[in-house]
Amino acid sequence: MSNIFTFYEQIRSGLRKSYLLHSEEAFMLQEAFSAFWSYIKKEGLELSSQIFDMDEAPPLSNIIEALASPGFFGKRGWVIIKGAQRLTKKEFERISSEMRHLSSGGEVTVSGEVTVEADPRILFLWKGKPEDYIRKYLEKVIFLSVDLPEREIPRWIEYKARELGLEPSREAIEYILEITQGEPGIIFSELQKIAMAGVKRPSIEDLKELLSGHSEYDIRDLYRALREGNRLKALLIFRSLREDMIMVVGGLNKFYSKTPVYKKVLPILQEMDLMARVSREYLEPLFLRLLKTATEPDLVAR
């Protein structure tokens, strides 16, 4: 089964086909697009390529026109469609028909001088899992999942760290994995924080200082207190981690997602996530409500 590393390998081999990349995680789609766009710039195709975001409802005629565009200096660019899951069945039929028409023409000579390939290059970015009927319309398009399986997260941490010029030890990678609860977006944010600090080979002490807001505690201590059912200690640790509440709330969500009480506490976690992005003022009362709800006798007994 494909994952983000499959697409990295496709890029290293040189992208010669059209692709539909899909993922349940918006961050992983963005990660795939970032890797793709770096390739485009390296190949000098950014001026010949066009991006369409279906959230902005661009006219289908503009996409069709972009597919037919030969590009510059004999290099056909790419047509990128973000939010491809929003395309209707009829729109896919029209795009498919245009792709078949262009592919049947072999090479195309522009202005009697420059010869370019007729095959259009198109990248679809699809949030979720594509319906089976889509494959019928996109017969020459390679479908790849760019999800990040849990078993691949340590490898991905090392991969992204080295991209940022970091050389983390295995112990450091395990620490980052634990405090972020394996959330790719949070992981990348924390790696950027380390890189900006100029710490190429971070120790655990470095990471604790950089990622835990100079606190004597880190999120691993919070998880431990929650597992022990020690509400007072959990509250004290929560208070000490106020500098990075978005990460903390994300970690809490991951922590409780593996427990029987997740459905019951999810509304509180969602409220905390919203509040963490706006104001920290009411986070502590919400955290106390979370602790109370998660340890109610009828829930613990399940």
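These legends describe close-up views of a predicted model. Local features need pLDDT of at least 70, side-chain atom pairs count only at pLDDT 80 or more, and totals for chains, interfaces and linings use all residues. Residues are numbered from 1 along each chain as its sequence is written, and side-chain values use heavy atoms, with hydrogens and water left out.

**View 1. The largest nonpolar core has 71 residues.** A nonpolar core is a set of buried Ala, Val, Leu, Ile, Met, Phe, Trp, Tyr and Cys residues joined through side-chain atoms within 4.5 Å. Buried means under 20% relative accessible area (1.4 Å probe, protein chains only). Leu252, Tyr256, Met272 and Phe287 have the most contacts inside this core. Helix 2 (residues 26-43) gives the most to it, with eight residues. Helices are DSSP runs of H or I, at least four residues; strands are runs of E, at least two; both are numbered from the N terminus.

**View 2. Phe287 and the residues it touches.** Contact means heavy atoms within 4.5 Å. Phe287 touches Leu222, Ala234, Leu235, Phe238, Leu252 and Met272, leaving aside residues up to four places away in sequence. Another core, of 23 residues, lies apart from the largest one; Leu20, Ala66, Ile134 and Val141 are among its members.

View 3. Two strands pair if DSSP finds at least two bridges between them.

**View 4. Strand 1 (residues 18-23) beside strand 7.** The two pair in the parallel sense over five bridges. Tyr19 has Ile142 of strand 7 as its bridge partner.

Key
Buried means under 20% relative accessible area, exposed over 50%, partly exposed in between (1.4 Å probe, protein chains only).
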